[in-house]
Every structure is written in structure tokens, then in C-alpha cells.
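Please keep the sequence and the structure in view while reading.

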Amino acid sequence: MKYKLIKAIDVAGLTFLTPVVRLCYGEEPKKQLQEIGRFIVVPLIAFAVFVGLWGAIAPRHKTKSGEVPTPLVVWDAASSIWRFHDREADKEDAYGLSGKTREQKLAIVEKRLSQLEPLETLANQHVKEANAARTTSVEELVGPILTQYEKLDAEFSAAQTEREAALKRDAGLLASADRAAREAYLQRVRDHAAKTEAEREQLKELKAEETAIRAEKFPQLVNALKAQTRIAEERQYLGKLSEQLGHGNRTLKLDEQMAQLRADQVTFLSAEGDAAFMLAQRIVRQEARIQKTSESTYAKPWTLPMQIYRSLACVFAGFLIGSAIAIPIGVLCGLSKTFMAAMTPFIALFKPVSPIVWLPIALIIVGGFIPDPDKHWLIDFLANLPLLGWMKINPAFIASAITVALCSLWATMTNTALGVASIDKDHLNVARVLRLGFKDRLFKIVIPSSLPLIFAGLRISLGVGWMVLIAAELLSSSEGIGKFVWDQFNNGASDSFAKMMVVVFVVGLIGLVLDRIMIVFQRLVSFDDAAAAI
Amino acid sequence: MIQPITENLTPAAEAKTDGMALAERRFVEFYEVTKAYPNPYGEDIAVVKGFNLIVSKGEVVSVIGHSGCGKSTVLTMVAGLNDISSGGIVVGGREIVGPGPDRAVVFQAPCLLPWMTAFQNVKIGVDRVYPQASKQDRKQLCEYYLSVVGLADAMHRYPKELSGGMQQRVGIARAIALKPRMLLLDEPFGRLDSLTRMELQDVILDILNREKITTMVITHDVDEAIYMSDRVCMMTNGPGARVGQVLQLPFERPRERHAVLEHPDYYDLRGCLLSFLEGQDRRPAEPEVAVTAHEPVTTDAAAEVEEELVTADAAH
């Protein structure tokens, strides 16, 4: 069991867990503790230090979009993203509910709504109190400053008028030929201007002091506002939810429309002439409406988890397209030096091209193939696939996937070529002695022998593809993580900045997991242990 | 200066040869085989030059010589893995062109495909050689040959899970499973310890006794050459290496190791081989290259003299 566990950990590339397993089995506790200290505690401490520094430094840097969010704010943003996703899923459920469950759910929602009412009044009360408390405390601090300001202001303007009057008076006494006296007069005017400027600065400083005091955060108020917002959000959500359960509910709407239809049908039986025609038309229209209602779903907005799912689908689509191109070409390059020579210019030329360039080109080309997405067979086909259908795959998605493919296939291609070209000569001799045909040689000797390098290439490709994808989505407005970032950037809400930081961690984490998965695959296909370095 | 060794022919060996049809006596024939590589100045340097040898069917011939003299070059040329610059090799009445499963090779390194189990390594050859046989038959064939080399219990392991000796056993099983007309062993035990080496020598001798495959063994171990083969072919030093002398061994097959070791002639034979090798050490290689010292071997019936046993020694 122990060795099985250790082997599994080793294959998964999570070797930092090995000492924990060994410790659990009581093997050399001292040594294992040392290892745990080095490979688990030290990284954790490093991360803690990072978070601490971040928390300390972030509030000092003010930007146009507000303060740089601290770790706590980012955490709040993450939970708010998740809450949003949860609540939207609830609403979607609610829209489709019918019968007893709908009524029960509605009752729960109504109850919670009524519970919220007093809470809301209380929260409003708190905000009011906090506001009042803040005003008094601010006024207390600002009061003396203001009085001093007024006092100084009066003094200064009095002094200024006095100085100016004196200067005006002396100007009349200036003798026309007395150059020295004129110089002295000019100097006096200069002094006067400098003094006036200094006095103005002094007043400005006082004013700034006042503004700073007024702008200072008042923790009590901040907390009260937060509580108020939370309750307001929940109220809004419950309101929407009760709407989906109540008159906005699909079953209720259907019932209502059906009742209308029945009534019309009954009247139609006895109607004559124009009235009969009108009624018949109404019945037909009503039937169409019922059909539409019964097929309708809740218009759910995109939430980050859904966008992550779509991004993953997109990156895998691109990765598959890229691999399907790269592996065969790579194999041919490895097999034939001539083919390699033919491909080298293309590889060298296209490898460094940025996704930002590929994307518009891909968008235009895909747009050319799919001029009308609503009526195209491919889009139609994709919309009916079980796990992908709901994602509304559109030309932007396809273009993003193609961009991912174009940027990521080079690593696989070059690695495959290298793997095929560097097959052990002895293994090829086996094929020669057995006079294996091309197919057997390819599938029994060449590809198995180059699999470790192919997978090394695939691993790099997937990593590159994941990075490229976010940029591609951001540009193409294909729903996904990139789009989320772009929306937040343009949105400018108070928590947009924090939500973008959440994305940093989400993208990093998913990239890490993808890489780990590829490592496991790489290890499973490598026949000698040396090839599977992490 | 060195005594020709044809006198050592025993009556038994003669009789065996006499009883064979011409095609069987000249089952494998090397005629003036030469391998030359161009040097940077555009001149061809012959590694092997004028190599002549005739092997009868079912015979085991070992080739000894100093390392780098061109033994392996000769073997890879028979195997078809290396082009012949001039001259030709005939196996079973047909001149060889390229490699083929009729000439199975066991290399010094086991050369197993590491992504396949021992069984699959044998099966890839069996599938190729017996395409008509049923799946079940092919499977049994693989299992049979793996058990012949003593791997019945380890046949589903991967090469990296096997010891060097076991890997080489798989290599042997893979070679004989091809039912080759000729078995080529290129220092097959060079990388093994002496105990494993003795075990594997017996494994191969067992197989050869049973299957009677014409075999060529490259080795630089004098004792191995004496124990395993019917004739020992000694190569001169390169460049321009060729057959220096051929020693006919007086042992019958099947043979016992201690019977061979205790044979009264054993040390004479051994001394003969060693003195040839030592003579090669002392002698400068150049003059020997200059002399092409052999009557061309022809395949027509008129040339049915015993010259296949006497080779390059005529010059000395």
C-alpha cells in the first residue's frame, strides 16, 4: 500500500507529498519532518510572506480605478463571483420548476424576503448612524482647521490690500530720472508677489488637510455600507427568484396561455363570419406562442465558472487541431530530411508570429466560411452536442481555437521531428531486419519510440495554448476568461480590479493543473525513466 | 611462418562435409568481400578487403580478431545492414541484397524495443514471418521460443524490468523465432558477466543442436570460440582485414563444457589461436594488405576442391 501510494505520487509528479506518506507509515520521522519542512513548510511560508507584502504594499498605490486590492478584497471578489454564479444557477432552476416544488420554493423565498425586511431597516439605520457619527467626528477635526483657515484668509487679504495700497501710493512719488529708486520699487513689487504666493500656498495646505480628513475611511461606515449592500443584493436576488417562481415561471406562463387558448377555442365553436376568422387567427397565433414558451429557457448571463468551462473547451479544441497538424508533419519531418528542408522556412517564419496577428486573420477567414452563423451546419451541429451545446459556439470561438492551434503547434512539431529523427539506430535495425512495411515501421517502431518527446512537445503546446487563449478571447470577444477580464476592465465597478486579480490566480491554477496532467501522460508513455524529468 | 591448420581436420569432420550436396557445403559463401569508406581526401580506405569464406549448412563458424579489425563490419554486411563495397555474399544460393528475416541478428546490446514486453518483442518478428498462421499459433510460437531461452515466467515483463542476461535471452528468442537460414551473433555475450555468459552459451548451443541453424559468431574470447563453434576463422588486423587462418575444431556436437576443456588438444588449439592473435599484434598491418593472397573461389563444379577450408593461408 505504502509503495503503491508513493509510486502514484511519483507518477503524478507530486513528490512533495512523499515524505508525508512516509511519515504516516512511521519511516525515519526525523528525516521526513526535515523533508516536509523543506518542501511543504518553506513554500507555504514563502507564499504567506508574498501575501503579507502584497497586503502591506497594495493600499499605498492609488490608481484611477481605486486602490490596488489587498488579498482580502480579492478573496471577497472571488466569493462574490462564486455567489453570482450560484444565484444565477438558482434562477435558472426556478424558471423551470413546476407544481408542488415550485410552491414550496416560492414559500421559502417569500419567508426569507420577509425576514430580510427588518434586517434591511436595521442596516439602513446603521448606515445613517455611521454617517452621522462620521460627520460629527469629521467636523470635530475639520472645525479648528476651518476657523484657522478663515482667520488666516482674512489676515492675508487685509495684509495684501495694505501692501498694494502702499505700493500704489509710492508709485506716485517716483522721480522720473531716479533709476535706482525705480529698481528698488520693482524689487518691492516682486517681494509683494512672492509673499502673496506664499500666503496662498499656506491656505492651500490647510485646505488639503481638510480634504484628507474628509476623505479618510471611516471603518464603521465602511462596514455598515458593506452590510447594507450585501442585504440589498440578497433582496434583489430573492426578488428575481420569486419572479422566476411566480408570474415569470414557465409553467405558470404556459398555464395562462393555455387557458386563453381554451377560452378562444370555445368561443370559436359558436362564432360566425368575420369574428370566426379573427378568432381562428388568434388561436393560431396563441398556439405558436405556447410552442415558443414551452421551449424557452432562462436567459442566464455568463458567469466566470461557465466562462472557464468554455475557455477550457476552446483551448482543447485548439490543442487538438494543432496536434492533428503538428504530429503528422513532425513525423514526416523526422522521417525525411528533404521534407524537413521543405518545412523549415515555414516553421522558422511562422513560429514567432504573435497570437494578436493570427486572431484577426483567423476571424476573417472563419467569417468567410461561416457568413451566417445562425444557418450554418457546423454551428448547428456543435449546438446539438451534449457537453458543448450550451456554450453557443460561434465563429469567434472557432477563430480563437484556430489561433491557439497556430501558436501552439510549433513546439509539438519540432519535438516530434526531433523524436522521430533521433530514434535509436538499433531499433531501426530491428525494423530493417524484419523488413517491416511503412505502416508497421511507423506504428510499431517510430511513433512509440518518439512518444516521450512528442508528449514533451504536447505539454509545452498546451501551456502556450492556454496563455494564448486568454489573449485571443480578450481580442475576439469570444465568451471566456479573456472576455471576463476585458469586461471587468471596461466595467470600472468598485470590485473590477479585484476580480481581475482573481482571474490571475484562476488562470495560473488551471495552467498548473493542465501541466500536471500532461506530466502524468508523459510519464506513462515514457519507457525509460530518464526521459520523464519534470 | 604460422603453421597452416588444415592438418587438424579430424576424419569425422571430413566425413560430415563429404556427405553433403554441393549446395549444402557451400551454403554461405563470402567472395572477395570488401568494405571501404572514403577518407576526407577522397581516397577509399578499405576496412575489410578480400574476405573469403565458405560455410556449410548447419555449421557454426566463429570469427575472432582484435577489436576494431572489422569483424562486426563483416557481420553487418552479411546481415545486410551495411552495404558491401565490392565482392558478394551468397546465402542459401541467393546473393543477399539488404537485410531480411532470413538472417537473424543478435547484437551485443540486446536492442529490444523498450515499449514492448519480452513477448511482444518476439511477436513482432513472428507476426512478420508467419503472416498466415492463426493468432493462437503465433502466440504459442512466441511462448515456445521464450520458454526455450528460459523466460517462461518473465515473458510479460518490459525490458527495463529484466536483467542484462535476460534481455539478451529475449534477443536470442526473437532471432531464432524468425526461423532464419542463418543466425548472426555479434559478440552476444560481450556485456555479460562470465557466469551469465556460460549459461547463455549453453542456451544457444542447445538451440543450435536442435535447430541446426548455420551460425556465425563474432567474438574476441578464444575459449568461447573453441567451445561454441565447429571452425574458427581468424581475421588479420585492419585496415584491409581478411581471413588470416581457419582452424577446424575436433569436437562433436552436442558437446559438454568439461569434455571440451579436458580434451587433449584443447590447449594446443587455444595456443594456436592465441599465437595467431599475438602474431597480428607484432606484425605491421600494411604489407599484408598489399598482398591479395587467395585464389578466387568459383561456384562451378570444377572448383570442388577442399579450398573452402583453406583460405588466406596459402600466401604464407
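How many residues of helix α3 of chain B are buried? Helix α3 (residues 71–79) of chain B has 8 of its 9 residues buried and is thus described as mostly covered. This is a predicted model, in which local features need pLDDT of at least 70, side-chain atom pairs count only at pLDDT 80 or more, and totals for chains, interfaces and linings use all residues. Residues are numbered from 1 along each chain as its sequence is written, and chains are lettered from A and ligands numbered from 1 in the order in which they are written.

**Helix α3 of chain B**
- A residue is buried if 20 or more other C-beta atoms, placed from the backbone, lie within 10 Å of its own.
- Among the buried residues of α3(B) are Lys71(B), Thr73(B), Val74(B) and Leu75(B).
- Gly80(B) follows α3(B) and has a positive phi, near 90°.
- Helices (H or I, at least four residues) and strands (E, at least two) are DSSP runs, numbered from the N terminus.

**Hairpin of chain B**
- Strands β1 (residues 28–38) and β2 (residues 44–55) of chain B run antiparallel and are joined by 8 bridges; pairing requires that DSSP find at least two bridges.
- Ala36(B) stands opposite Ala46(B) of β2(B).
- The hairpin has 5 residues between its strands, and Gly42(B) takes a positive phi near 85° there.

**Contact between the chains**
- In chain B, 17 residues are in contact with 14 residues of chain A (C-beta atoms, placed from the backbone, within 7 Å).
- β6 (103–106) and α4 (118–129) of chain B each supply at least two residues of the side that touches chain A, and α4(B) gives the most, with 3 residues.

Key: Contact = placed C-beta atoms within 7 Å. Buried ≥ 20, exposed ≤ 12 C-beta atoms within 10 Å, placed from the backbone.
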